Amino acid sequence: QTFHKVSRSFKQLLKNKNDDVSTANRKKLENNSNQSPSGNGEVDVIHENIAKKIISRGPAWAIWRISHKFRHSDYKTIKWMREIYFNLFTGSQGYESLHNDLLVGMFDIEIESISFNFVEFLIGLELRSKQLNLNGFIINIVPRREGSSRFEYGYDSIIDNSKKEWRIENLIIPLARLHPCCKGIQILPNRESASIYINCKHIFPRGYSLANPVEMNRADFYKEANNPKKITGLRATKASREYIDKYISEKNIRKKIVTITLRLYEYDKIRNSNLLEWKKFINYLKERDFHPIVIPDTEKAWGKEFEEFKEYLFTDICWNMQLRLALSEAAYMNLGVQNGPLTMMFFAPNCNVLQMNSPCDSKELVKKAKNYEKVHHCKEGVQFGYLHKHQRMSFKPDSCEIIKAEFEAHEKRIATKTPI
């Protein structure tokens with residue numbers, strides 16, 4: 001019976017397989033061939049870069065990378081091969097009747113980044129649960145396997161294990177609680193504990209298993225999240241709003257609040273805030289009778305770098321996601337450069353947001369314009385489809401005069417905002 005089941009699955013995959021190399025792709029390959037002396041076009045450059053990485057990181061990294069690409073590649077041929085492989089050689093024991101009315105999310109620390117990008121995972125769960133007409137979703141946080149040989153570089157290399165554990169408790173879980181469709185979240189004691197959920201009727205990401213721990217496909221996500229009306233998004237809790245209202249009252253704040261989130265991080269430093277220019281902008285806000293509140297980068301919240309902002313600092317709030325979102329909803333406008341907290345606000349429809357320097361010329365984030373378009377389904381300089389009218393990306397640098405101009409232009413958009 002098992003053999004016939006696998007056989008039928010294999011035949012179905014063969015039947016559904018599309019030809020990966022279309023006529024258009026062949027033409028592209030021919031064009032690339034004509035543009036290169038070696039006849040291989042951009043392939044030469046790609047091979048050279050791969051060779052450099054193998055030399056600098058070693059053969060063990062190369063083996064790990066091939067395995068990683070096999071598990072996460074979006075190429076049709078590899079996806080087809082992967083489905084066949086995992087249908088043939090993997091399985092799980094679970095309860096198919098468990099949580100039939102809920103989408104079961106598997107947030108696997110082995111492959112997912114423990115950062116504010118978790119918000120995208122939440123919205124991905126929301127969109128998928130709506131497609132399936134379910135009553136919401138639950139989330140299982142799947143720990144890394146002991147002695148995992150994952151190679152960490154870039155973002156992961158500067159966050160040690162103790163900070164990752166801290167972020168799960170103080171970032172990931174609190175963010176999940178901010179989504180009204182989230183019915184529960186738990187940290188599994190070990191990877192094997194995930195096996196009982198694998199055969200649930202509705203699982204996210206699609207195709208997830210312990211042997212095949214796929215991450216959410218960001219390109220598919222941005223393609224689906226192309227309209228703000230589709231997204232419920234994050235909402236501050238009633239209690240957190242009451243606490244913030246009390247804070248505003250006790251501090252006798254009668255002016256409109258403008259929050260500024262400053263980024264001063266070791267990863268992708270090109271994205272960091274221009275502190276001198278934001279200090280000038282704060283003076284402008286005071287002249288216009290606004291009440292500025294500065295929220296420092298969490299990693300350097302107690303550092304001397306923010307001494308010049310001490311009059312406006314609200315340091316404690318950067319440790320509490322519920323209060324942070326509540327303050328963002330209460331504020332007249334929330335500003336900053338491209339950073340995690342503003343990503344959260346973009347998926348919170350009650351927040352007025354203006355993000356500067358987005359995206360900046362970051363090699364870590366966007367290596368080529370065509371990759372940007374492939375992932376985000378829009379060209380650079382175009383607003384994301386899921387943004388509301390009162391949420392804006394500025395593609396200009398964070399210099400005081402430019403921030404002022406963008407701020408004043410965004411005020412006009414906010415003036416015509418309709419309640420959500």
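Lys230 is partly exposed in this predicted model, with a relative accessibility of 31%. Its side chain meets that of Glu224 in a salt bridge, at 3.5 Å from N to O. Glu224 is likewise partly exposed, at 27% relative accessible area. A search of the whole structure finds 16 salt bridges.

**Salt bridges between separate segments**

- Arg241 and Glu329 form a salt bridge in which the closest N and O atoms are 3.0 Å apart.
- This pair links distant parts of the chain, as Arg241 belongs to helix H10 (residues 238-250) and Glu329 to helix H12 (residues 321-330), 88 residues apart.
- Arg241 counts as partly exposed at 27% relative accessibility, whereas Glu329 counts as buried at 11%.
- Lys396 forms a salt bridge with Glu406, with 3.6 Å between the closest N and O atoms.
- Lys396 lies in the loop between strand S9 (391-393) and helix H15 (400-415), and Glu406 lies in helix H15, 10 residues apart.
- Lys396 is partly exposed, with a relative accessible area of 44%; Glu406 is buried, at 14%.

**Salt-bridge network**

- A network of salt bridges links Glu112, Glu120 and Arg218.

**Nonpolar cores**

- The largest nonpolar core has 61 residues, of which Phe118, Ile139, Leu175 and Tyr386 touch the most other members.
- Helix H6 (residues 118-131) gives the most to this core, contributing seven residues.
- Beyond its neighbours within four places in sequence, Phe118 is in contact with Phe107, Ile139, Ile172, Leu175 and Ala176.
- Another core, of 25 residues, lies apart from the largest one and includes Leu285, Leu335, Met356 and Cys400.

Key
Residues numbered from 1 in each chain as written. Predicted model: local features only at pLDDT ≥ 70, side-chain atom pairs only at ≥ 80, totals over all residues. Heavy atoms only, no water. Core = buried A, V, L, I, M, F, W, Y, C linked by side-chain atoms within 4.5 Å. Buried < 20%, exposed > 50% of the residue type's maximum accessible area, 1.4 Å probe, protein only. Helix = DSSP H or I, 4+ residues; strand = E, 2+ residues; numbered from the N terminus. Contact = heavy atoms within 4.5 Å. Salt bridge = Lys/Arg side-chain N within 4 Å of Asp/Glu carboxyl O.
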